Amino acid sequence: MIGAAALARPAEDAAARRRNLAILAGALVADAAIFVLFVWARLVQGVSEARLWGEVYWQEPWQTLVAVGNSLPLYLTLLAVGLWARSRIAVVFAAAALLHLAFDLPFHRDDAHPHFWPFSDWRFRSPVSYWDPAHHGALVSLAEAALGLVLIVFLWRRFQSLPVRAALLLAFASYIAVPAYFTLMLG
C-alpha cells in the first residue's frame, strides 16, 4: 500500500500500466518467498502452522530465498542500474522494494531478515515486532491496519478503474480477515 500510494498513478496508457505493475511487484517481492513457502507448506504439504513458523521457515532454502528478497544491496544496485539505464520500470520496481524494506526493517525482532545479504548475515533485531505481543506487536498491528485503511481510502480516491478498486476491496477484506485468522490461531 505504501509503495502504491507513493509511486503509482492512474494508468493512461500501456507504459503507465507496466509502471504500476512494476511498483506492485517491487512492493511484494520481499515477501514472495514467504508467500510461496506458506502455500507450499500449508496447502500442499499440510504442515501445521506451528511447525511452519517454528521449524520449516528457518531451514534452507527458505532462509536464503527470504534473504535475497530482503537484500538492500540488491535493490540499491538495481536502482542504480535503472537510473543509469534510464529504465523507469527498474527504478520504480527497486524503489517500491526499498520502501517495503524501509517499513519492514524496524518491525522485526526474532524473525529479522539479513538485509545486507550477500555481504553480511547480520540482522537488525528491533525492540519492536509487527506481530509479537511481547514486543508491542498488538500496537504495531493496530497502527499498520490503521495506516492500511487510510491508504486504501487514499488510493480509492486516486484510482477510478474497476480492477484497481477490486484489488483495494480485497486489501480491505484482508485487513478484516487476517486479524480474525490470527485471533483464532493464537486463541
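The structure is a predicted model, in which local features need pLDDT of at least 70, side-chain atom pairs count only at pLDDT 80 or more, and totals for chains, interfaces and linings use all residues. Residues are numbered from 1 along each chain as its sequence is written, and side-chain values use heavy atoms, with hydrogens and water left out.

**Helix α8**
- Helix α8 covers residues 137–158, 22 residues in total, where helices are DSSP runs of H or I with at least four residues, numbered from the N terminus.
- From first to last C-alpha, α8 reaches 31 Å, close to the expected 32 Å (1.5 Å times one less than the number of residues).
- Its buried residues (under 20% relative accessible area, 1.4 Å probe, protein chains only) are G137, V140, A145, G148, L151, I152 and L155.
- Viewed down the axis of α8, these buried residues fall within an arc of 135 degrees, so they line one face of the helix; the arc is that of the directions from the helix axis to the C-beta atoms.
- The face turned away from the buried side carries the exposed residues (over 50%) A138, L139, L142, V150, V153 and R157.

**Packing of α3 and α5**
- Helices α3 (residues 32–44) and α5 (residues 62–69) pack at about 150 degrees, with axes 8 Å apart; axes are lines fitted to C-alpha atoms over the stretch in contact, and angles run from 0 to 180 degrees between N-to-C directions.
- A33, I34, V36 and L37 of α3 and W62, L65 and V66 of α5 make the contact (heavy atoms within 4.5 Å).

**Residue H100**
- H100 lies in helix α7 (residues 88–104) and counts as buried at 17% relative accessibility.
- H100 touches A27, A30 and D31, not counting residues up to four places away in sequence.

Technical notes:
Helix = DSSP H or I, 4+ residues; strand = E, 2+ residues; numbered from the N terminus.
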